[in-house]
Amino acid sequence: MTVQADLKKAIAAAETAKGTYATFAESTEDQLAKAMYQQLAMDMDNHIQQLNSRLNYLNESNPMNQGQQQH
């Protein structure tokens, strides 16, 4: 498995986690839990951004990708 494939899996997992936290935040009436879930969702946004940044860097900088179509 390539680093790019691993990054894509990590991005998908982070997006799933973000959605789960957002759902939990919406479904609870406990304000402390709601704030925690909202913060966790925002943290996942940062993770997703970092992972996407690295994936984009690898896709643009990898000599093996030069001249190849990206998926």
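Helices here are DSSP runs of type H or I with at least four residues, numbered from the N terminus. By that rule, Leu40 sits in helix H2. The model is predicted.

**Overall make-up**

The protein chain has 2 helices and 0 strands. Helix H1 covers residues 3-27, and helix H2 covers residues 31-61. Of the chain's 71 residues, 20% count as buried. The chain exposes about 5,300 Å². Carbon and sulfur atoms supply 54% of that area. Contacts across the sequence can be split by separation. Among those between residues at least 6 apart, 57% join residues at least 24 apart.

**The helix pair**

Two packed helices are described by the angle between their axes and the distance between the axes. For H1 and H2, the axes come within 8 Å. They cross at roughly 160°. Angles over 145 degrees count as roughly antiparallel, so H1 is roughly antiparallel to H2. The crossing of the two helices is left-handed. By class, the contact of H1 with H2 has 18 nonpolar residues, 4 polar residues and 7 charged residues.

Phe24 belongs to helix H1. Its relative accessibility is 36%. Phe24 therefore counts as partly exposed, a class that lies between the 20% and 50% cut-offs. Lys34 is 10 residues from Phe24 along the chain. The C-alpha atoms of Phe24 and Lys34 are separated by 7.3 Å.

Leu40, in helix H2, has a relative accessible area of 26%. That value makes Leu40 partly exposed. Ala17 is 23 residues away from Leu40 in sequence. In space, the C-alpha atoms of Leu40 and Ala17 are 8.8 Å apart.

Gln50 also lies in helix H2. Its relative accessible area is 56%. Exposed means over 50%, so Gln50 falls in the exposed class. Gln50 and Ile11 are 39 residues apart in sequence. Their C-alpha atoms are 9.3 Å apart in space.

| Pair | Separation in sequence | C-alpha to C-alpha distance |
|---|---|---|
| Phe24 and Lys34 | 10 residues | 7.3 Å |
| Leu40 and Ala17 | 23 residues | 8.8 Å |
| Gln50 and Ile11 | 39 residues | 9.3 Å |

**In brief**

The chain holds 2 helices and 0 strands. H1 and H2 run roughly antiparallel, with a left-handed crossing. In H1, Phe24 is partly exposed.

Definitions and conventions
Residues are numbered from 1 along each chain as its sequence is written. This is a predicted model: local features need pLDDT of at least 70, side-chain atom pairs count only at pLDDT 80 or more; totals for chains, interfaces and linings use all residues. Side-chain values use heavy atoms; hydrogens and water are left out. Axes are lines fitted to C-alpha atoms, for helices over the stretch in contact, and angles run from 0 to 180 degrees between N-to-C directions. Angles under 35 degrees count as roughly parallel, over 145 as roughly antiparallel, 65 to 115 as roughly perpendicular and the rest as oblique. A crossing is left-handed if the near helix is turned anticlockwise from the far one by less than a right angle, and right-handed if clockwise. Ala, Val, Leu, Ile, Met, Phe, Trp, Tyr, Cys and Pro count as nonpolar, Asp, Glu, Lys and Arg as charged, and the others, Gly among them, as polar. Buried means under 20% relative accessible area, exposed over 50%, partly exposed in between (1.4 Å probe, protein chains only). Contact means heavy atoms within 4.5 Å. Accessible areas come from the Shrake-Rupley method with a 1.4 Å probe; for residues, only the protein chains shown count as cover.
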